[in-house]
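Keep the structure open beside the text.

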Amino acid sequence: MRIGPYPIENPVILAPMAGVTDLPFRQLCLELGAGLAVSEMLSSNPQVWATKKSQDRMGHADEPGVKAVQIAGSEPELMAAAAVHNVEHGAQIIDINMGCPAKKVNKKLAGSALLQYPKLVEAILTAVVAAVDVPVTLKIRTGWTPEHRNGVTIAQIAEQAGIQSLAVHGRTRACMYKGHAEYDTIKAIKAAVSIPVVANGDITTPEKAREVLAYTGADAIMIGRGAQGNPWLFREIAHFLATGEHLAPPTAHEVSRVVQQHVKRLHAHYGDFSGVRIARKHVGWYLQQQQPNADFRQQFLVIEDAAEQLDALANFFVTVN
């Protein structure tokens, strides 16, 4: 699979997730086998670009691999300007968010709310593609409601507008994250367009990844929530797709090393105050997935000091290993 000039060596991509896929997490997932890691979404509203939150998301100088940045908004001119701004700050791929189901995003007519308005979708995609000389990709859901799955129509609009890759989450906006993802619409989209299609939704094992690729004909899969607490999933899926064999799970020593390194990177990226708070959710996910321990998780959640967090983790892993 290629996106413009960029080959995607492993067909396993980290999905953009607000508050999750920051630089430290993208870096980690790329090291553990992700073929591409897409940034958290950035607002197209220039009034928020100077905030610390946006600044933390916009720095791509130290980013490994291809720098893919997602933008969100509903006005073609602002979306085009946001694309230009991010390319000027290092983005090599611009991804457009038309998949987020969050109310605070949808009430601004952004994210998956746009799927209700194909003409506006076309205007946004056309404006962004014309504004930058890097590949533009799109992430969508299968439609607004199960009764109005218009993913095929949106995909055809995207191809005609010059979008170079399309990621599809197998749920409508109304479904949020409930129930099970469906892949029939993704299969139909793949049959309807010639650009690369990436399947997303409920892919949490190597077997599921192979099954979804075989059923849909998609060119790659995208992992979102399944990577929380389990970034090793990327290399496990990539190895299984390439060889049909399972990799051994990470050793206790590797889990200890990776978790502590991730927390150190969060402290360095955000500073001790914010880094401590952001580390809590990531460590909580690790403790659910890799080292289930509710008591230590509760203890960790109340630690206020960066050095104390690292000491507590080191002591915990010595105890459990």
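A cavity is a set of points, on a 1 Å grid over the protein atoms alone, where a 1.4 Å probe fits but cannot get out. Grid points are joined across faces, edges and corners, and a volume is the space filled by probe spheres set on the points. This is a predicted model, in which local features need pLDDT of at least 70 and side-chain atom pairs count only at pLDDT 80 or more, while totals for chains, interfaces and linings use all residues. Residues are numbered from 1 along each chain as its sequence is written, and side-chain values use heavy atoms, with hydrogens and water left out.

Start with the cavity. The count comes to 1 cavity of 30 Å³ or more. The largest cavity has a volume of about 110 Å³. Its lining holds 15 residues, and Ile3, Asp95, Thr137, Ser165 and Met222 are the closest to its centre. Lining residues have an atom within 4 Å of a point. Strands E4 (36–43), E6, E7 (136–141) and E8 (166–169) each give two or more residues to this lining. E7 supplies the largest share, 3 residues. Strands (E, at least two residues) and helices (H or I, at least four) are DSSP runs, numbered from the N terminus. By type, the lining divides into 11 nonpolar, 2 polar and 2 charged residues. Here Ala, Val, Leu, Ile, Met, Phe, Trp, Tyr, Cys and Pro count as nonpolar, Asp, Glu, Lys and Arg as charged, and the others, Gly among them, as polar.

Now the packing. A nonpolar core is a set of buried Ala, Val, Leu, Ile, Met, Phe, Trp, Tyr and Cys residues joined through side-chain atoms within 4.5 Å. Buried means under 20% relative accessible area (1.4 Å probe, protein chains only). The largest core has 58 residues; Ile96, Met98, Leu138 and Ile223 are among those that touch the most other members. Helix H6 (residues 151–161) gives the most to this core, with 5 residues. Apart from it lies another core, of 22 residues, including Leu28, Val255, Leu310 and Leu313.

Which residue does the UniProt annotation "active site" cover? The unreviewed entry places it on Cys100; such annotations may be inferred rather than shown by experiment. Cys100 is found in the loop between strand E6 (93–98) and helix H4 (103–106). Cys100 counts as buried because its relative accessibility is 15%. Leaving out residues up to four places away in sequence, Cys100 touches Met41, Val105, Asn106, Gly111 and Ser112. Contact means heavy atoms within 4.5 Å.

Conventions: Buried < 20%, exposed > 50% of the residue type's maximum accessible area, 1.4 Å probe, protein only. 1 Å grid on protein atoms, 1.4 Å probe; cavity = no way out; pocket = protein on both sides within 12 Å on 5 of 7 lines; lining within 4 Å.
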